[in-house]
Structures are given as structure tokens and as C-alpha cells.
Amino acid sequence: MKKYILKTIVLTFIAASTSAYMPVKKQFSAAEQQQISITTPGLFSRSDAFSIDFTTQVPGEYYFPLPVGKTKLLHDNTLEITTKKGDAVKAMFDGDVRLSRRHGDEGNVIVLRHSNGLETVYSNNAENMVSVGQHVQAGQTIAIVGNGSGGKGLCYFSIMVNGGRINPQILINLSSHSLRKQTVICRKEGNLVDVSGSAKDSGKRMVSLDPDENGDPFEDDATFRLDLEEIAEEHWAYPLPGSHVISPFGGRRGHSGVDIKTKPNDDILAAFDGVVTRSGPYFGYGNCIVIRHAFGFETLYSHQSKNLVKVGDHVKAGQVIGLTGRTGRATTEHLHFETHFRGRNFNPVILFDHTKKSLQAATLTLTKSGSIKSTQHR
């Protein structure tokens with residue numbers, strides 16, 4: 001179980017909530033319409049805790065505010081999301097607009113109050129497109145992203161419980177922008193709110209691909225099954241968030257990996273925990289990195305302008321290992337990404353959904369001879 005403690009900015013709490021927080025009316029007090037951080041009336045009125053079940057979330061009930069944006073977590077639990085100028089800011093969940101106005105140094109701000117007990121905050125908007133009291137749907141455009149540096153768009157996004165910002169990583173995988181399938185518990189403890197998330201409801205064991213934590217699965221059997229949904233969220237990362245595919249695996253020329261692109265000198269992330277076995281120039285690959293993972297897996301990253309790891313380094317999933325470039329045989333700055341199993345390369349789409357930037361919902365049947373069969377979950 002992951003546990004996070006946050007200090008709310010209010011001095012008092014009203015006695016506590018129910019597990020099914022009911023939507024408030026669309027009428028808000030003057031204070032609610034003026035203040036970003038304010039207690040939610042009735043949130044803790046009948047119990048000292050409430051829960052939010054995200055294990056059964058269905059498509060259309062959740063949207064990341066800027067799906068192709070690049071995220072950076074700031075010290076105050078605010079997400080800085082960089083995207084292209086003029087992008088539409090989306091509502092994360094269904095909710096009611098509690099605040100929509102210019103607010104000091106934060107620019108145009110929108111606060112949505114949701115029926116699950118959370119509030120979401122969207123600031124630095126170039127234009128707000130909703131008004132106080134309006135009900136919005138998840139995925140509805142609520143604002144136009146504001147200006148950032150270098151001609152980019154920039155949105156500041158946060159999630160609140162009873163007026164206090166919580167770490168958004170409790171709810172969201174920042175690499176894939178996906179909502180974690182878990183039950184979140186929000187509990188009042190004196191002047192603190194304890195917010196914890198647990199994936200125990202799935203009944204699945206959670207694993208990593210760290211070679212130091214796993215033995216040889218083929219010691220006693222010729223086959224091994226790996227459920228990708230059992231790989232813990234902190235143990236995988238899409239190697240180039242915010243990217244798009246410019247050349248797929250295979251094709252007429254037998255492309256050995258997938259080429260994905262964002263911008264020059266962008267951060268390249270380790271896909272899984274592992275040990276670096278190659279780091280340096282390698283023929284047409286240019287600056288190349290190979291990382292060894294558990295069960296016979298390897299990932300390869302090439303054309304970097306600069307490698308940031310050396311042979312023998314133990315890296316964690318999501319760690320920055322290099323910067324995108326065009327060294328070797330490359331016509332544009334990009335990442336050439338390969339996946340290998342027991343010495344054979346295979347299509348990375350077996351592991352990653354390149355559109356959602358997430359692991360596939362699939363179980364892999366692996367054999368000692370190096371073959372892989374993927375079975376998608378229903």
C-alpha cells in the first residue's frame with residue numbers, strides 16, 4: 001500500500017465523511033467562488049473517512065487534462081504540463097465548476113468539484129470556457145492552455161481533498177497519464193488528511209523486471225507466464241513520454257525496433273528496472289544503451305545525443321538514461337527503441353501501447369527457446 005500524508009491549508013476540519021460522497025448543489029458561496037483552497041462542505045460530516053473506487057473505471061469517466069502533454073511534478077504537489085500552444089484543457093472527471101476567474105499570479109483558474117469528493121485545479125489558462133455552477137463531463141474542453149516558454153503551452157494542474165493538494169501520483173501514473181486501478185482512502189486524522197491508495201483489490205501479486213530480484217524462470221519449466229498488469233506501476237515507464245511513432249517495427253525493410261519522436265535532447269527513460277550492459281557508440285545505432293532486465297528481457301535505446309549512464313549502472317524504471325539525438329544512421333532526432341527476449345528482438349508493441357503510453361493489458365507466454373505469445377485481457 002502506498003501512503004501519503006498531506007497538510008491541508010485550513011486550520012479546522014468539520015467532523016468526517018461517508019464512503020459515498022454526494023454531489024453538492026451547483027450553487028456556491030462567495031468564498032467558494034473566490035478561493036482556490038477551501039474546505040468542501042459536508043465532506044467529513046458523517047464519518048472520518050471516505051473511499052473512492054477506481055478499480056472499475058470505464059472509458060469516458062476519466063481524462064488526463066492534456067493527453068499529449070509532458071509532465072513535471074513540482075514541490076507543492078502541482079503538475080506542470082507542457083504541451084503545444086492552443087491545446088484544449090480537458091476536465092478529468094464529471095463535475096461542477098466551483099471557481100472560474102483570474103486569480104492573482106496563477107492567471108485564469110478553474111476549480112472543478114467532483115462527486116467522488118475530489119477537486120481538480122487548472123491554472124495559467126489563456127481562456128476559461130466554463131462558468132461557475134456549470135456541470136461538465138469528463139473530457140469536456142474547459143479552457144485553452146496558457147503560454148509557456150519557447151512558444152509552448154503550459155498548464156498547472158493539481159488535485160485537492162478538502163482544500164489541500166495531494167500528490168497526483170497517488171491517482172495517476174505520470175508516465176502513461178493513466179488512472180491507477182485501485183481504491184483510494186481519504187481519512188481525517190487531527191489536522192492532517194491521510195490519503196492512501198491500494199491495488200490489493202485486484203488480487204494480483206505485483207512484480208518488477210529487476211534482474212537482481214528474480215531468478216531463472218526456466219530452471220524447472222520450459223514456459224513461463226508473465227501478466228503485464230502485475231508489473232508494479234513504479235517498475236515500468238514509457239521510454240519517451242509525449243512522443244509519436246515515426247517508423248513502426250518490421251515493414252518492408254525489416255525495422256528491428258520502433259522509432260519515436262518528440263524534440264531534440266528530450267529525456268529518455270529506462271523502461272524497466274535493470275542493469276546497463278552497453279553504453280557508447282555502436283555502428284549505425286550511434287550512441288546506444290542496452291539494459292538487461294529479468295527473465296531474459298533486454299531493452300535497447302539508440303541515436304542519443306548523450307548517454308547519461310555507464311556499463312554496470314543499476315537503473316530504475318523512469319530514470320533518465322539519455323537525451324534524444326541523431327547520432328549514427330539517423331535523419332532526424334528521435335529514439336530508436338528495441339525489445340529483446342533471450343537474444344531475439346520482438347515488436348515493442350507486445351509490451352507497450354504507443355498511443356496510450358502504457359503497458360499492454362496482456363499475459364505473455366514465454367518459452368525457454370525465446371518465443372513469445374501475447375494473450376490480450378478481455
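**Reading aromatic pairs and an exposed loop**

Mentor: We begin with Lys356, which is placed in the loop between strand 27 (352–353) and strand 28 (358–359); strands are DSSP runs (E, at least two residues), numbered from the N terminus. This model is predicted: local features need pLDDT of at least 70, side-chain atom pairs count only at pLDDT 80 or more, and totals for chains, interfaces and linings use all residues. Residues are numbered from 1 along each chain as its sequence is written, and side-chain values use heavy atoms, with hydrogens and water left out.

Trainee: Is Lys356 buried or exposed?

Mentor: Buried means under 20% relative accessible area, exposed over 50%, and partly exposed in between (1.4 Å probe, protein chains only). Lys356 has 57% and is therefore exposed. Its C-alpha atom is separated by 9.4 Å from that of Val68, 288 residues apart along the chain.

Trainee: How is a pair of aromatic rings described?

Mentor: One gives the distance of the centres and the angle of the planes. Rings of Phe, Tyr and Trp (its six-membered ring) pair if their centres lie within 6.5 Å; planes under 30 degrees apart are stacked, over 60 edge-to-face, and the rest tilted. The count here comes to 16 aromatic pairs. Phe54 and Phe93 are stacked, at 5.8 Å centre to centre and 10° between the planes. This pair ties together parts that are 39 residues apart in sequence, because Phe54 lies in the loop between strand 2 and strand 3 (70–73) and Phe93 in the loop between strand 5 (88–90) and strand 6 (95–102).

Trainee: Are Phe54 and Phe93 buried or exposed?

Mentor: Phe54 is buried at 2%, and Phe93 is buried at 4%.

Technical notes:
Helices (H or I, at least four residues) and strands (E, at least two) are DSSP runs, numbered from the N terminus.
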